[in-house]
Amino acid sequence: MSKIFAVAGVVFMELYRRKDFYVLFILTALITVVLGAVGDQQAVGYLKEICLLLIWVSSLVIAITTAARQIPAERESRTIFPLLAKPVSRAQVLLGKFAGCWLASGVALLVFYIFFGLVAASREHELHLELYAQAVWLHWQALGIVTALTLLGSLVLSAPAPNITIVFIISVGCLYVSRYLHLVAARMTEPGQTITGVIYYTVPQLWFFDQRALVIHNWPAIAWIWVGLATVYGALYSGFFLFAACLIFRRKALN
Amino acid sequence: MRDRLLLLLLLAACFTLATEIEPRLSAYARDTRSGGDFLTAFLGESGRLFANHFAAKADAYYHRGNYPSIFELGARPTPHPGEEGTNAPAELPATNAPSTWIERFGSHFTPPPPKDFGTTNDSEETLPWYRLSLELDPHNIQNYCTAVFVLRNKLGKSAEAERVLRDGIRENPNSYELLYYLGLIYYEDRHDIARARNVWELAAYRWREQEVKKPHPDVESLWQIADQLGNLEESQHNYADAITWFQIARNVSRTPQALEQHIDALKAELNAKGK
């Protein structure tokens, strides 16, 4: 476990030396503040909506781009060889990379949500702490799935760019479209109906983790039991993708 | 010497460029002024697509986030209109029971169906979206009517509703629907009978101008205008005019019997007054 955390620590430090997070955070803050200043002073929903959308986009960009570069960058610079020469298995390297990316995304997410909380509280004069905590937690679980999927993609696809593009499209699809696939399937003919039905039941339903509608409209917090179950659901998908990635990485030629 | 020449050359280039760009910028500024703001000029015709999206967003805000997607709307019964005789945001179609475990599980993470939140609609929150929608598509009459309904009936902001209507009438001078709502504000909120009458009569005139020739005219609007004018004239004891308007309303009404009885009562009143 300590070996995994040692690798994760390096990844974590690397992300915060890069400028991606700072640029995205400043951009999000700037757009939100400008819209808040020029927009309707009575309404707050539109501001929360735009801010949360920017947070989701930024967090996906951070998680996907960070995870997609890990293994290819190590292979390209050949630092993977001295790393694997140490008493550390390939699975531990991969899990360390995942943990680092996921933790770094989580810290970035926390900063984003603190900013969001301040913006919302400045307009609403109240803080829905429990709901926001659930939103951050579930959002982080979604990023865990996406990070694991990206690491898997980085081992299957030859370069980071196609991997980033494909994972981004899959993530957006799982967020916005996957929940309706059964309705789409119901109107299709065979074999399209079965294929769409299978996709519906197999893809990770990332919209479980998207609490934006509840946060924007100030709905009460959901029962923690459902948050727990969603966490288990997310962990299963992350575990599946990581397991598949470990299997591929174990047999992959690195030179 | 060479540096000075270069500077002069650059100055000349800047001046030439300015004389070339300035007329174009002025023309662009004129275009954007006539077409609305920068957003309208930038998006052009595609603005209508975004306008529809923002109108749907406003509707979603009215229902506190519980709003069916295009996939669900296709799979569920057609939504029925909001409060009768108004332009309230449409009532949501009945929600089907979750058909899969994914839907059942996911329902815990989404806003509950409309029956669970009674009358706590987010009217105030809809306004930024309606404003955006109207800026992008200033010819969408339905969006004006719904925005005015929310402002006037839900938020009690009659003056702001009038401003929205005036903007709408400026963009759509022939719209009898907008004139009808402006008349309502004069009649019910300002109690300015003379102006309400003028505006409604203009609305009736605009209706005749546009709808009479159509195979399926918008009789619902004519009924609303004529009925309001009838009520206005009756309240002013102008029974002859009231009878005329009620007769027009009766001809297009779905329940003419009730109006017929009312017309008979007014005729009796008029006769009594004559004697």
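The structure is a predicted model, in which local features need pLDDT of at least 70 and side-chain atom pairs count only at pLDDT 80 or more, while totals for chains, interfaces and linings use all residues. Residues are numbered from 1 along each chain as its sequence is written, and chains are lettered from A, with ligands numbered from 1, in the order in which they are written.

I begin with the overall fold. Chain B contains 13 helices and 0 strands; helices here are DSSP runs of H or I with at least four residues, strands are runs of E with at least two, and both are numbered from the N terminus. Of the 275 residues in chain B, 29% are buried, a residue being buried if 20 or more other C-beta atoms lie within 10 Å of its own, exposed if 12 or fewer, and partly exposed in between, with C-beta atoms placed from the backbone. Among the contacts in chain B with a separation of 6 or more, 53% join residues 24 or more positions apart. Two residues are in contact if their C-beta atoms, placed from the backbone, lie within 7 Å.

Next, the domains. Chain B is divided into domain 1 (37-173) and domain 2 (176-275), with bounds from an automatic or database domain assignment. Between them, 12 residues of domain 1 of chain B are in contact with 7 residues of domain 2 of chain B. On the domain 1 side, H8(B) gives the most, with 6 residues. By class, that side has 7 nonpolar, 3 polar and 2 charged residues. Here Ala, Val, Leu, Ile, Met, Phe, Trp, Tyr, Cys and Pro count as nonpolar, Asp, Glu, Lys and Arg as charged, and the others, Gly among them, as polar.

How do the axes of H7(B) and H8(B) cross? They come within 8 Å and cross at roughly 165°, the axes being lines fitted to C-alpha atoms over the stretch in contact, with angles from 0 to 180 degrees between N-to-C directions. H7(B) and H8(B) are therefore roughly antiparallel; angles over 145 degrees count as roughly antiparallel, under 35 as roughly parallel, 65 to 115 as roughly perpendicular and the rest as oblique. Residues of H7(B) in this contact include Tyr144(B), Val148(B) and Arg152(B).

H7 (residues 141-154) of chain B also packs on H9 (residues 176-190) of chain B, the axes coming within 10 Å and crossing at roughly 15°. This pair is therefore roughly parallel. Tyr144(B), Val148(B) and Arg152(B) are among the H7(B) residues that meet H9(B), where the partners include Leu178(B) and Tyr181(B).

I turn to the contact between the chains. It takes 21 residues from chain B and 23 residues from chain A. H6(B) provides the largest share of the chain B side, 5 residues. That side has 9 nonpolar, 7 polar and 5 charged residues.

Finally, one residue of chain A. Is Cys246(A), with 20 other C-beta atoms within 10 Å, buried or exposed? Cys246(A) is buried, and it lies in helix H11 (residues 224-251) of chain A. Leaving aside neighbours within four places in sequence, Cys246(A) is in contact with Ala91(A) and Leu94(A). Cys246(A) and Leu94(A) are 152 residues apart in sequence and 6.8 Å apart in space, C-alpha to C-alpha.
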